[in-house]
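Have the sequence and the 3D view ready.

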Amino acid sequence: MALQKKDQDIVSAMKLVGFAKRQLQDMRDSRWNSLIRDVFLFFVKHGIMIPEMDMNYVRGKSKRKKSSVTYSYHLRVEVFYAIIDLQLSELNNRFNEVNTDLLLGMASLSPDNSFANYDKDKIMKLATHYPNEFTDSMLEDLSFELDIYIDYV
């Protein structure tokens, strides 16, 4: 949503994407116990029956099918991890390294706020994604020209 706002600059939006990825990964790695504790407190407060986490989870409608999967495993792995992995996968697909480099490289060329987002390294990385347009010698020239350009501006 941040990238769709016209007044949002790309650099800030990409920082938000990176932050969201880190938060989701942190949640996956270390927040299961606090989540389950909060859920149990909610259940107790509202008189909701708490399933025995070590009991086998029954999949589907049939009570006859035996399962070796516990409620704990089902909720942690098949629900919690699966949802977070889905979100991380979506962010990584939409904002992979190349897309991120392209967006940040383009933002580095913006003249807004007296070239506040100018970053020579990001522009150089952007140029490397176009090998048909920039040979090695052209990349060296570009590096030199970018130094001159920003000093001139």
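How are α4 and α6 oriented to each other? They are oblique, a word for angles that are not under 35 degrees (roughly parallel), over 145 (roughly antiparallel) or 65 to 115 (roughly perpendicular). The axes of helix α4 (residues 97–108) and helix α6 (residues 120–128) cross at roughly 125° and come within 8 Å.

Bear in mind that this is a predicted model, where local features need pLDDT of at least 70, side-chain atom pairs count only at pLDDT 80 or more, and totals for chains, interfaces and linings use all residues. Residues are numbered from 1 along each chain as its sequence is written, and side-chain values use heavy atoms, leaving out hydrogens and water.

Now for the rings. The structure holds three aromatic pairs, meaning Phe, Tyr or Trp rings (for Trp, the six-membered one) with centres within 6.5 Å; planes under 30 degrees apart are stacked, over 60 edge-to-face, and the rest tilted. Here are two of them:

| Pair | Centre to centre | Between planes | Type |
|---|---|---|---|
| Trp32 and Phe80 | 5.2 Å | 55° | tilted |
| Tyr57 and Tyr71 | 5.4 Å | 85° | edge-to-face |

Trp32 sits in helix α2 (residues 32–45) and Phe80 in helix α3 (residues 71–94), so that pair links parts of the chain 48 residues apart. Trp32 is buried at 13% relative accessible area, and Phe80 is buried too, at 10%. Buried means under 20%, exposed over 50%, and partly exposed in between (1.4 Å probe, protein chains only). Tyr71 is partly exposed, at 25%. Ring pairs also link Trp32, Phe80 and Tyr81 into a cluster.

Notes
Axes are lines fitted to C-alpha atoms, for helices over the stretch in contact, and angles run from 0 to 180 degrees between N-to-C directions. Helices (H or I, at least four residues) and strands (E, at least two) are DSSP runs, numbered from the N terminus.
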